[in-house]
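Grab a pencil and work through these exercises with the structure open. Each has a task, then a solution in steps.

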Amino acid sequence: MTISEQRLSNRTKAGAGVYLRAVFLLLAVLPVAGGLLYGLAYSFGVTGALATGFTLQHWQEVLSSGALLHALAYSLYIAITAITTATAAALVLTLYFQKSLRSGSLSYFLYLPLTIPAMVMGFLVFQLLTKSGLVSRVVYGLGWISELQDFPSLVHDSLGFGIILAHVLMAVPFLTLLFLAIYREQNLEQLQEVSTNLGGSKSYFIRHIAIPTILKTAAPNLLLYFIFILGSYEIPLLIGSQQHRMVSVLAVQKFQRFNLLDIPQGYAISVAFTLFVLLLLSISFKKLQRHG
Amino acid sequence: MLTIQNLHKAYHSQNVLDQVSLELPQGQVLAVLGRSGCGKTTLLKTAAGLLQPDAGSIKWAGESMDLVPPREREMVYLFQEPLLFPHLSVFENIAYGLRVRKVKEAEVQQKVEHLLQELELQEHAQKKPSQLSGGQRQRVAFGRAIIFLPRVLLLDEPFASLDAQTRATMQKLFLRLARKYNITALFVTHDVKEALLTGDRFAYMAAGKIKIYTSREAFIEDPATGVRDELAFWNSIDQKITPLP
């Protein structure tokens, strides 16, 4: 190939790159940005069936009622508790049950929940933990409670036990797979030999080498899963409390009410939540890059 | 003194260590020359306690090490790859052996800083392993292995992955620190020059058997080691490039 042909080929490649980027923008970024702008316009009364012209009224109502802040705080509580519990469980499985997970029957039981959609998981937890559910009947059968109604409220409860359990059941297999891959990729088996050889006990190695290495490497994925739980909808809708609502449930309720004047508030909540997530992501990724 | 007697290890009925015996006085380096697959790594890992022998015994100063777990054996195996802890700084990697022994902070600081100077790594103390070159990483691994002055250092071709120049620098560094800290070491290599450079005593290993030489001359003279072939090769090259009078 001559130099001029080489240059032409390079230019063609560069041109193809520009087109690919344009297609990516068109398919991935544009719909999201368009939706966000539409939601912003709707929340300011600029567009929509009952548009009245630019107003801050819907935002003021959302912020002054405290519903958004309350839902955000509740969502954060659920997401932090669920991701912390799931991470701890996945770490225990990765660090202490590796051999069984790689080849044994334990792997089938662990990975099975990966195939279950969130909606179905919500139903399963409901069937298990409701006052007339499976666990309640077993406990009643064992004579530990005198009536089914004595069984504690573990779904539709204000502490969100059912929501947290459903998310933990879904997250543990995913995180365990991720941690096992990191364990192999970071050569932790050999590093444990090194640690032992230098005089470190297994628990010292786990506390000072294995856990920090796994968590540091998995941090971006953990953050993304945390945001996934933060914005989850099906599970809190099915088994969440009536008093405490997660952000997505609150927003959808505003959209679906009979009062059409609530719709701009639904958009205001959605836009505020999106901005909150973007802020969280940008701060976290900057911190991760700094410590990376 | 390190004493290994009739060490035997087999994998699937194939002998990897066949009645290996050796004695190594304190403060001396035994260079073990051998080709890949001759059982060198198995010998070192068995001495470190990372592998269990099928038979034989390992003693240090007359005390049996057979039932001593690897973490208490203080016979440090230096892998071919540096295998540094990725999230720890150079300082903390070197300090690891002191931290697990719960050495006081002031002593840790003093010992690590001193060793960093010896290894010429002062300006890299706070860097992560990913920010270092291959030679620097191997120096950190070496520092991490010797900081708590183990009984025996077991080096498994530690400089094999380095370029020729860095390798020569590391060999000199090893010799200097081995003399300074009176290190007892088993240095395994497939490189004749490296064996001659680093060893006080010499051995040759093939098919799981070890042969110990009484002197450097005996090691050089034995055709099995290949030292004479290597010398003959370099002499022939020398004659080719030296112009005739």
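pLDDT is the predictor's confidence in each residue, from 0 to 100. It matters here, as this is a predicted model.

**Exercise 1. What average pLDDT does chain B have, and which of its elements score lowest and highest?**

Step 1: Start with the whole chain. Chain B averages a pLDDT of 89, and 98% of the residues score at least 70.
Step 2: Go element by element. Helix α9 (residues 227-241) of chain B has the lowest mean, 79, while helix α3 (residues 90-100) of chain B has the highest, 96.

**Exercise 2. Work out how β1 and β2 of chain B pair.**

Step 1: Find strand β1 (residues 2-11) and strand β2 (residues 14-24) of chain B; they pair in the antiparallel sense, over seven bridges.
Step 2: Look at the turn. The hairpin of β1(B) and β2(B) has two residues between the strands, and B:H12 takes a positive phi near 50° there.

**Exercise 3. In what order do the six strands of the open sheet in chain B lie?**

Step 1: Trace the strands across: the order is β6-β7-β8-β3-β9-β10 (chain B), with mixed pairing.
Step 2: Pick out the edges. These are β6 (75-78) and β10 of chain B, each of which pairs on one side only.
Step 3: Ignoring direction, neighbouring strands of this sheet are turned by 20° against each other on average.
Step 4: Zoom in on one pairing. β7(B) and strand β8 (residues 185-189) of chain B run parallel and are joined by four bridges; B:L155 has B:F187 in β8(B) as its bridge partner.
Step 5: Helix α1 (residues 40-48) of chain B lies across β3 (29-34), β6, β7, β8 and β9 of chain B, at about 155° to β7(B).

**Exercise 4. B:E157 and B:A207 have a positive phi. Where do they lie, and is each buried or partly exposed?**

Step 1: Recall the background: most residues other than glycine have a negative phi.
Step 2: Take B:E157, with a phi of about 40°. B:E157 lies in the loop between β7 (152-156) and α6 (164-180) of chain B. It counts as buried because it has 20 C-beta neighbours inside 10 Å.
Step 3: Take B:A207, whose phi is near 50°. B:A207 is in the loop between β9 (201-206) and β10 (209-212) of chain B. With 13 other C-beta atoms within 10 Å, B:A207 is partly exposed.

Definitions and conventions: Residues are numbered from 1 along each chain as its sequence is written. Chains are lettered from A and ligands numbered from 1 in the order in which they are written. This is a predicted model: local features need pLDDT of at least 70, side-chain atom pairs count only at pLDDT 80 or more; totals for chains, interfaces and linings use all residues. A residue is buried if 20 or more other C-beta atoms lie within 10 Å of its own, exposed if 12 or fewer, and partly exposed in between; C-beta atoms are placed from the backbone. Two strands pair if DSSP finds at least two bridges between them. Axes are lines fitted to C-alpha atoms, for helices over the stretch in contact, and angles run from 0 to 180 degrees between N-to-C directions. Two residues are in contact if their C-beta atoms, placed from the backbone, lie within 7 Å.
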